[in-house]
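User: I want to learn how to read strands and sheets. Can you take me through a case?

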Amino acid sequence: MPIRQDYAQFLASFQSDKFEELWPAQARVLEEYSNTFASRPDVAIELPTGAGKTLIALLITEAWRQERNKVAILSANKTLARQMLRESQALGIPAVLMEGRGVDIPAMDKRAYQRATKVAIMNYWVYFNQRPVIDPADLIIMDDAHLAEHCLNSLYSVEVDRRSHRNLFETLVTELRARFPEYSVLTDALADDAAPTCATELLSFIDQVEIEDRIREIIDSSPYIADDADLKFRWNRIRNRLREANIYMSLNSVWIRPYIYPLISNTYYTDADQCIYMSATVGDPGDLSRRLGVRKIEKIPVPPEFSESTCGRRLVVMNRIEEEDIPERLQSVILAALRLNPKSVWLCASRAEAIEFREIVSNWLEANGLGHPTWILTPMGDEIDQFKAAPQGHLFVGGRFDGMDFSAEECRLVVMKTLPRAINSQEEFISAYLRDSGFMKKRLNQRIVQALGRCNRSAKDFGVYILADRRFATHFGRESNRAGIPRNMVAEIDMAQDSAEMEIGELVGRVEQFLSGDFTRYDADFRSYLGDVPSEVPLTATCDTSADEVLGWTALFENQNYNISADRFERCWERAREANLIEIGALHGWHWAKALYLQSLIGEPSSRERSLSVFQDAIRRGGQSSWFNRMRASLNRARSSPDLTEEVVRSDYAAVLFRSFDDLLERLGTLGNRFERWCRRTTSNLQSQSHAEYQEGLERLGEILGYHASRPRHGAACDCLWRGLFGNTREVITFEAKIEHNHLQEIVPSDVGQAHRHLARAQTEYGPQGYTVRGTIVTHLAAMASEAEASAGSLKMIQKQAVFDLWETIRLLLSLYRDNWSLDDIAARSAAAESIRARIPLTGWLIRALDTDGRLITSELLLTEWS
């Protein structure tokens, strides 16, 4: 263990031309480390981008190395590792860079590290892997510590991806759907027109045990295992822990992983005397411990004057209300920026989104005369250097917001495509169903802070950052959502909110002025806005169960010690109940029930009934969440209660409707007039005589009713199609709209012919998938011509007024729900749901209305079950 150091004198002893003296923030952190934290096992250091964390790391590592300790500095990719090597050489620290496969690392470099004659610098994959080729370190420095999670993904999880393993993905999803039809995402995953917002599901541990042998059989026999070395490696590591892992099912992947990675059981972590986590955005150290699966982390305190600073200048531009892939207003800003500096970085929520958006952006740039090279960032990060060296081009990044540094002309434009609420399937599941998980809001703000530092590495840097997702405006519209964001960055966001009201020409002018190096207006505005920001935005106190979660999941997944894991999860359950955490508390109960259930399978049959009892309590606590409703179906199957399972399915529509309401209110917010504007627009659409406007109204109504609603674009398509999945009930309704006021006084045979063609096409596409398909004509007309009636068959004619009355009913329920709704207060949201639940029909209400006798569907018939 190193003795206390005077790090200012220690730095002077190197006589480095680059590093002459400590900055005040560096001196403060190193003093705190030397006096208090040098002997602590897990320590986090958080300073803003460009504040000098690298020098802090190098001085600490050299102090340890000089006392004959093995030291390893771990970086997120080769680019950052090489950058760290250059900095160590500039300081005068003996260091060696380790890259590539273990067999390719020279023996003399391994000896230099293991004999403590040099510090070893490498990426996370070189140090943490299945067959390490070097000894464990005494001191580990994790640079950009959050990015270690990407390495752990490859070590402790396997993902079957729709894009890379299509046949295997479809085989797994088909098998899962056949056995467990209530997971609606499984049907969506096999559809070509699935709604992109369809939520990721977590398979019940009971269902998982039932199907684990079949999953193992399917993957073992897949040709992809022979052809894809990475898939084979990851599958072989997890296949014997299949029942202990979780299985997440999304539109694009089946991801098998433990909820928390067991790094705490890895000797290359546990053998170290100390691990230091470096980041500009450590955030909550408890959540970092949860993400990496490590011991409790202590963060060195840093005064606000050091933690709330910006390197250089940052102009933030925020989208307000536009929904397009590249909103028109932002197109003008982006093109203006690229004509001054033809390089950009696009930060996306996932690799799939990055791949999709690269094509969209490339086509758009080509159309505007800016055909530039593009790159997709891979885990090793080799594309970063290629992008930096290029005079023009665009880098697309999925699921990462740090570990990339661009200085000066290397890049001056960053576009955040999506509000980064979730970057993988597990986070998508938590965000969708466990909305009182406070750590997810903190992760969201961490990623925003990370993203807003990519082009600001020094005092001379300046960059434009575009928040393209309109949900940024809703998120930052609440002061409580700014907790944990530095004060200077809050001022920059305030400026962006106000500039969203500017005319496009004025906004483009300000961007051009800024990127041309004229900061007169910007500096004056920034000083003014900074003066209006409160001195401190308080962080909300949270219930920290991370230590028990880490130990519980390590016992469950790595050691199969189900008794210990059950005890730890029970403690989490009790802590969450004391803190009145509802949905995340219910997940702790789910974990507890899982541990008990697995214990029952290895010689303790009495644990089974206790597991089911705990499972039932967790479901009750989870309340209205549709995922917990599906867990009830799994529980009823385990208890051989088919009637109760059917009742769960019949009531599943309410859960889907509440989720639809939640999504809309989260997008529009409850303050201001955006909600009323949305309702007025929908009302206007559904009263319109314009065909296109009425189509839009049908689409909006279908979406708020919980259907995937679409307006097919090709000429022979129906005017609107609603596709719904409510538990294991699947419905498709086609709409042919005849709402124009012309000389016709009744529905004629050609109208019926069109509607029949749309119905036949939908039956061909969706019938084999188990959908009930119905065809309709929506019209203001009161009659159908006799020759049309003769050929109408099963088609129904819905009165235009009936559709409008349905909207009015939904609008009233939505308004009542909104009155008591809260984004953050789960209890209030549950109470809001219960206040209108009795008015919501059971699953299948629309099909039952359309299947009534008679051709004409009136308001009375359509609203029969909407009490």
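Analyst: Here is a short tour of some strands. This is a predicted model, where local features need pLDDT of at least 70, side-chain atom pairs count only at pLDDT 80 or more, and totals for chains, interfaces and linings use all residues. Residues are numbered from 1 along each chain as its sequence is written, and side-chain values use heavy atoms, with hydrogens and water left out.

User: Is strand E10 buried or exposed?

Analyst: Strands (E, at least two residues) and helices (H or I, at least four) are DSSP runs, numbered from the N terminus. Buried means under 20% relative accessible area, with a 1.4 Å probe and protein chains only. In E10 (residues 274–279), six of the six residues are buried, so the strand is largely enclosed by the rest of the structure.

User: What about its two faces?

Analyst: In a regular strand, side chains alternate between the two faces of the sheet. In E10, Gln274, Ile276 and Met278 are buried on one side, and Cys275, Tyr277 and Ser279 on the other.

User: Which strand does E1 join?

Analyst: Strands pair if DSSP finds at least two bridges between them. E1 (residues 42–46) runs parallel to E10, with five bridges. Val43 stands opposite Ile276 there. E5 (residues 139–143) also pairs with E10 in the parallel sense, over five bridges. Asp143 has Met278 as its bridge partner.

User: What is the order of the open sheet of four strands?

Analyst: The order is E6-E9-E8-E7, with antiparallel pairing. E6 (158–161) and E7 (201–202) are the edge strands, each pairing on one side only. Four bridges join E6 to E9 (residues 253–257). Glu159 stands opposite Trp255 in E9.

Methods
Buried < 20%, exposed > 50% of the residue type's maximum accessible area, 1.4 Å probe, protein only.
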